[in-house]
Amino acid sequence: MSLDFTTAEVQLAVPTKESLEHAEASLVKMLPDTGLGLEHIKKHLLADLAPGFTGSSRCPTYWAFTTGAVTDAAMLGDWLATVHDQNVQVHLPDETIATKLEDTTLRLLQQLLTFSETDFSGRLFTTGATASNLLGLALGREYVVAEAGRRKLPPAQISVTQVGAVAACIEAGIDDIQVLAASPHSSLYKAASTLGIGRDSVILVPLSEDEPWRFDMQRLREYLSNGAGSIIAISAGEVWTGRFATNGDEMGQIRALADKHGAWVHVDGAFGLHALILPHTPTYKHLNDGVAALQLADSITGDAHKLFNVPYDCGFFFTRHPSIQQAVFKNPSSAYLSTTALSIPSPLNLGIENSRRFRALPLYSSLLANGRTWHCDLLERQVALARRIASYIVDSTVYELLPDNDLDKIYMVVLFRARSDSLNSDLVSFINASKRIHVSGLPWKGRPAARIAIGTWRVEVDRDFQLVTQVLDTASRAHQ
Ligand SMILES: *Cc1c(COP(=O)(O)O)cnc(C)c1O
């Protein structure tokens, strides 16, 4: 069977009701005794089921969640990852290039995003930002309890991963591990829950109602002195607004506070980290500031399946503390080949999974096929489109831009609503009923709001701007 690697653009952001009904009716729900055969199943998948999928990758104006599409080069890499099905868990340099390629790809990412390959020598591909946040909090938990122990009874070496959180905290003389954040992504709560830190130990210290994504530095200082072990979790790219929790100056202060109090600094930059590739020009001053000095963090979360436009699932994780990473995630040394002496540590000792998909290959392929300039140009077009839509909304009498009217702070996310409650309550369903554009709906300060997140490489500023203004104009006329 030959496969075409490229998939054409489509106009529908989500399928029609008929396509969905047909797809559902055609699902084969009884396992056949005799297989249907490849030709039959190929027709079934392409003709019956594929029309029942969203256009999240193929329609340029699917703007819900934060999705990237898939570049042709990424698709080629992904197909080869499947063909060769390498299990990238143990570093076996005499048998496969896979772990070297994974490490190389992570280093290419570090070059592009300006993280020192030497300082951030802990690096790994994960299933996504959720997993990377879990890694960050797991390392943070290990560090802050050990640090509290060292400060109380030097040279104590207390390890949560060895004796468990309860015993380790008692030994270290602390009664809680707290995660201090401004407006964290929901996955941070899940990480806190999974790791025995607890959802209630995620403490919000937002600056104000108007700028909840920034830290109240005074209250942050107070929490840091309350005797608990502290992980400071920074949203570099708050999920609904795309705003940044810190500027370079605040990152410097946070680093100094963390050092003083034995705290850990984790950055969730799932889609925000990408702003590091923007040029340093007045146009992007606020974005440049938002990602300034993120390199001071102990651990970093990134997502490649968002703005890097590789297929799900692909996230990444960087840390300055590879030895803590291995302390937390190592398998007992007898379980697999001892690889500690090798130049590249085996990935199975660095993260959650043992057996792992070769998810570096699509990103390697796409990064090299497209190059640095292409990634930068693409993000500039995404920001340009977001700002043009935002500017249309600011000028409109029908809609209002959220969280405020500052166009210079717009990244690739546009949050807005209709001024009138009656239009606003139907706004997201009206836009999405067009099927040409798909956006997310969420509550913002107690009222519904719509959110556009532009992550696709298929973006075309003029064309996409025209479409969205058509849909928004129609919505306001239909409402009159
Ligand atoms: C998307 C996102 C996540 C979760 O990432 P997944 O890839 O869905 O696991 C975490 N944090 C932020 C800021 C995000 O945007």
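How far apart do the axes of H5 and helix H7 come, and at roughly what angle do they cross? In this predicted model, the axes of H5 and helix H7 (residues 165-172) come within 8 Å and cross at roughly 25°. Angles under 35 degrees count as roughly parallel, and H5 and H7 are therefore roughly parallel to each other.

**The ligand and its surroundings**

- The ligand is surrounded by 13 residues, and the closest of them are Thr130, Asp268, Asp303, His305 and Lys306.
- Sorted by class, the shell around the ligand is made up of seven polar residues, three nonpolar residues and three charged residues.
- Threonine 130 has an N or O atom in its side chain that is 2.6 Å from an oxygen atom of the ligand, while histidine 305 places a polar side-chain atom 2.7 Å from an oxygen atom of the ligand.
- For alanine 129 it is the backbone that takes part, with an N or O atom lying 3.2 Å from an oxygen atom of the ligand.
- The ligand exposes 380 Å² when it is taken alone, and the protein buries 84% of that area.

**How helices pack**

- Helix H9 (residues 217-224) packs against helix H10 (residues 248-261) at an angle of about 15°, with the two axes 11 Å apart.
- That angle makes H9 roughly parallel to H10, and the crossing in which H9 passes H10 is right-handed.
- Helix H14 (residues 421-433) and helix H15 (residues 461-479) pack at an angle of about 135°, and their axes are 10 Å apart.
- An angle is called roughly antiparallel when it is over 145 degrees and roughly perpendicular from 65 to 115; H14 and H15 are therefore oblique to each other.
- The crossing in which H14 passes H15 is right-handed.

**Backbone features to look for**

- Most residues other than glycine have a negative phi, and most peptide bonds are trans.
- Proline 154 and proline 155 are joined by a cis peptide bond, for which omega is about 0°, and proline 155 is found in the loop between H5 and helix H6 (160-163).
- Another cis peptide bond joins tyrosine 312 and aspartate 313, with omega about -5°, and aspartate 313 has its place in the loop between strand S6 (299-303) and strand S7 (315-319).
- Alanine 293 is a residue other than glycine with a positive phi, a value near 65°, and this alanine 293 lies in the loop between helix H11 (285-290) and S6.

Key. Residues numbered from 1 in each chain as written. Predicted model: local features only at pLDDT ≥ 70, side-chain atom pairs only at ≥ 80, totals over all residues. Heavy atoms only, no water. Near = heavy atom within 4 Å. Polar contact = N/O pair within 3.5 Å; in protein donor to acceptor, adjacent residues only side chain to side chain. Areas by Shrake-Rupley, 256 points an atom, 1.4 Å probe, with all protein chains shown as cover. Nonpolar A, V, L, I, M, F, W, Y, C, P; charged D, E, K, R; others polar. Axes fitted to C-alpha atoms, helices over the stretch in contact; angles between N-to-C directions. Helix = DSSP H or I, 4+ residues; strand = E, 2+ residues; numbered from the N terminus. Left-handed = near helix turned anticlockwise from the far one by under 90°.
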